[in-house]
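Reader: I'd like to learn how to read a helical model feature by feature. Can you take me through this one?

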Amino acid sequence: MIIKICWALLSLLHVMPALALFRPALLEKMYGVRPGSELFTLLHHRAALFLVIVVISVWAMFRPEVRALATVAVGISMISFILVWWLSGASPALRTIAVADMIGLPILLFVAWQAFRTIG
């Protein structure tokens, strides 16, 4: 049961940016990017990729055989953002996202341990 809760939490962490796929106006609200710009288009596509992370996380809640791959996908999403944010100067405007991902890291480590200890 705890594993399912952890996957649900990881999924919830990515829901808001995924919703922007269906409500593009959220991109302007969340990131201050104007519709019609190239950056808006890239962020809109990014929302689709976040939807992939949400779907994978929800799938991992119910299918243990998916959890190793889900761990890799979610880990790349979270860890790459933290690294890119840090290496680009740790912008205060993006700090909330980075902190949310950092808070999620212990959960990710727990599900990773669970997923990979059962392989083999």
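**Reading the helices and loops**

Author: R34 sits in the loop between α2 and α3. Before we go on, this is a predicted model, in which local features need pLDDT of at least 70, side-chain atom pairs count only at pLDDT 80 or more, and totals for chains, interfaces and linings use all residues. Residues are numbered from 1 along each chain as its sequence is written, and side-chain values use heavy atoms, with hydrogens and water left out.

Reader: Fine. Which residues does R34 touch, not counting residues up to four places away in sequence?

Author: Contact means heavy atoms within 4.5 Å. On that basis R34 touches E28 and F40. With E28 there is also a polar contact, side chain to side chain, at 2.7 Å. A polar contact is a pair of N or O atoms within 3.5 Å; within protein, one must be able to donate a hydrogen and the other to accept it, and residues adjacent in sequence count only if both atoms are side-chain atoms.

Reader: Now the helices. What is the reach of helix α3 from its first C-alpha to its last?

Author: First, the naming: helices (H or I, at least four residues) and strands (E, at least two) are DSSP runs, numbered from the N terminus. The expected span of a helix is 1.5 Å times one less than its number of residues. Helix α3 (residues 38-62) has 25 residues and reaches 37 Å, close to the 36 Å expected.

Reader: Which residues of α3 are buried?

Author: The general idea comes first. An α-helix has 3.6 residues a turn, so residues three or four places apart point the same way. In α3 the buried residues are F40, L43, A47, F50, I53, V54, I56, S57, A60 and M61. They pack against α1 (2-19), α2 (25-31) and α4.

Reader: At what angle do α3 and α4 pack?

Author: Axes are lines fitted to C-alpha atoms, for helices over the stretch in contact, and angles run from 0 to 180 degrees between N-to-C directions. For α3 and α4 the angle is about 145 degrees, and the axes are 9 Å apart. The crossing is left-handed; that label applies if the near helix is turned anticlockwise from the far one by less than a right angle, and right-handed if clockwise. On the α3 side, F50, I53, I56, S57, A60, M61 and F62 meet R67, A70, A73, V74 and S77 of α4. These residues divide into 9 nonpolar, 2 polar and 1 charged. Ala, Val, Leu, Ile, Met, Phe, Trp, Tyr, Cys and Pro count as nonpolar, Asp, Glu, Lys and Arg as charged, and the others, Gly among them, as polar.

Reader: And how far apart are the axes of α1 and helix α5?

Author: Their axes are 10 Å apart, and this pair, with α5 spanning residues 95-117, packs at about 145 degrees. α1 passes α5 in a left-handed crossing. The contact includes I2, C6, W7 and L10 from α1, and A100, G104, L108 and V111 from α5. It splits into 12 nonpolar residues, 2 polar and 1 charged.

Reader: Is T71 buried or exposed?

Author: T71 counts as buried because its relative accessibility is 7%. T71 belongs to helix α4 (residues 67-87). A polar atom of the T71 side chain lies 2.7 Å from the backbone oxygen of R67. Leaving out residues up to four places away in sequence, T71 touches W7, L108, V111, A112, A115 and F116.

Reader: Which residues is S11 in contact with, beyond four places in sequence?

Author: V54, S57 and V58. S11 lies in helix α1 and counts as buried, at 5% relative accessibility.

Key
Buried means under 20% relative accessible area, exposed over 50%, partly exposed in between (1.4 Å probe, protein chains only).
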